[in-house]
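Subject: Handover of a structure and the findings from it

Dear colleague,

Please find below the structure that I am handing over to you. The findings follow it, and I would be grateful if you read them with the structure open.

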Amino acid sequence: GGGRTVTAPQFAAAAAVVVALLLSAKPELHRWLGTLRKEELSAGLQLLLLSVVILPLLPNQGYGPWEAINPHRIWWFVVLIAAVSFVGYFAVKEAGARRGTIYTGLFAGLSSSTALTLHFSRLARSQPDLVPMFALVILLACGTMFPRILLVVGIVAPALVVPLLLPLGLMSVAVYGAAFLLWWRMPDRHGDAEIALANPLALRAAIGFGLLLAAIMVLSKAVEAWVGGAGLIALAAASGIADVDAISLSLAGMTDNGLASSLASAGVVTAVATNCLFKGGLALAIGGRPLGIPVALPLVVAAVAGGAAIGLV
């Protein structure tokens with residue numbers, strides 16, 4: 001009611017403008033498409049098909065125990081995470097070719113900071129001269145994880161943005177601050193190394209994440225029913241080791257069904273803090289002390305700061 005009806009001439013004029021803009025950007029689009037590998041394009045088209053065609057057809061109601069499995073909602077979450085990871089994945093490819101490894105560290109946190117931490121921790125053993133740069137890139141990627149989680153959770157449950165702003169903000173400051181100090185003290189800021197990230201648009205990865213999300217949604221409902229809030233925090237701590245997104249989205253989604261925002265935000269921060277500790281442990285155990293100490297210390301500080309701040313909001 002009250003909306004204007006778009007006439008055929010108006011629609012044609014708008015379409016002409018869009019076509020003109022696309023034609024003007026033709027060289028850039030050709031260059032970008034030329035960087036895509038066949039499997040990346042195929043996976044993107046498959047996920048696009050499932051998102052645009054299949055998503056509207058999925059039933060938007062709960063099934064299974066506690067009606068915790070909502071096919072439409074789960075796949076919408078999968079599409080959301082894939083979209084954010086898509087930006088990070090291709091930004092890493094673009095920045096890696098043009099800007100170097102330090103820039104790609106910022107974008108890699110949109111895709112998978114855990115995978116990046118593991119990758120560079122392994123390289124640190126064989127390339128000790130590049131350890132300071134590896135530590136810097138890991139911290140940049142880990143720092144990007146905090147605003148990424150805030151963005152994703154805020155899209156699903158806007159009410160959680162305010163209680164998460166202080167804890168995740170402090171965690172960002174702790175990690176980005178340490179990264180800045182490393183960069184400031186680094187004699188050679190032009191080192192380079194390849195960053196290998198998995199294609200987030202791969203259909204197998206998307207389905208795997210959807211299954212993990214469904215399992216955590218059922219577990220979250222079960223724990224809430226059987227144990228209560230303390231059980232949800234424990235589940236968040238355990239889940240954060242493997243995947244922060246799944247438990248964060250599960251808790252955010254539960255706020256629609258009565259879960260208190262304070263408990264949901266505490267669970268999200270707990271998962272993020274656990275993930276920080278896990279990545280710090282990875283860097284220390286695999287990369288050794290030269291890499292592990294400058295990476296683990298800021299991540300521990302971030303975990304403690306986030307945990308302390310969640311009690312203040």
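Helices in this message are DSSP runs of H or I with at least four residues, numbered from the N terminus. In that numbering, F107 belongs to helix 5, which covers residues 101–108. Please note that the model is predicted.

Overall composition

The protein chain contains 13 helices and zero strands. Read from the N terminus, its elements are therefore α-α-α-α-α-α-α-α-α-α-α-α-α. The chain has 313 residues, of which 46% count as buried.

Nonpolar core and surface patch

In soluble globular proteins, nonpolar side chains tend to be buried together. Here, the largest nonpolar core comprises 80 residues, and F146, L249, L251, V272 and L291 are those with the most contacts inside it. The greatest contribution to this core comes from helix 7 (residues 131–156), which supplies 18 residues. For L291, the contacts beyond four places in sequence are F120, S121, A124, V131, F134, A135, I138 and A283.

There is also a nonpolar patch on the surface, formed by L45, L48, L49, V52, V53, I54 and L57, whose accessible area together is about 660 Å². One of its members, I54, is located in helix 3 (residues 38–54). With a relative accessible area of 30%, I54 is partly exposed.

Salt bridges

How many salt bridges does a search of the whole structure find? The search finds two.

One of them joins the side chains of D256 and R73, at 2.9 Å from N to O. D256 sits in the loop between helix 11 (244–254) and helix 12 (261–287), whereas R73 is in helix 4 (residues 71–98), so this pair ties together parts that are 183 residues apart in sequence. D256 is exposed, at 52% relative accessibility, because the cut-off for that class is over 50%. R73 counts as partly exposed, at 25%.

In the other bridge, the side chains of R148 and D245 meet, at 2.9 Å from N to O. R148 is part of helix 7 and D245 of helix 11, so the pair ties together parts that are 97 residues apart in sequence. Are R148 and D245 buried or exposed? Both residues are buried. For R148, the relative accessible area is 5%; residues under 20% count as buried, which is why R148 falls in that class. Apart from neighbours within four places in sequence, R148 is in contact with I81, V84, S85, G109, L110, S111 and D245.

Aromatic residues

Four aromatic pairs are found in a search of the whole structure. F180, W183 and W184 make up one aromatic cluster.

To return to F107, this residue is partly exposed, at 33% relative accessibility. F107 and T144 are separated by 37 residues in sequence, while their C-alpha atoms are 7.4 Å apart in space.

Yours sincerely

Key. Residues numbered from 1 in each chain as written. Predicted model: local features only at pLDDT ≥ 70, side-chain atom pairs only at ≥ 80, totals over all residues. Heavy atoms only, no water. Core = buried A, V, L, I, M, F, W, Y, C linked by side-chain atoms within 4.5 Å. Buried < 20%, exposed > 50% of the residue type's maximum accessible area, 1.4 Å probe, protein only. Helix = DSSP H or I, 4+ residues; strand = E, 2+ residues; numbered from the N terminus. Contact = heavy atoms within 4.5 Å. Patch = residues over 30% accessible without salt bridge, like charges linked within 9 Å, V, L, I, M, F, W, Y side chains within 5 Å. Areas by Shrake-Rupley, 256 points an atom, 1.4 Å probe, with all protein chains shown as cover. Salt bridge = Lys/Arg side-chain N within 4 Å of Asp/Glu carboxyl O. Phe/Tyr/Trp six-rings, centres within 6.5 Å; stacked < 30°, edge-to-face > 60°.
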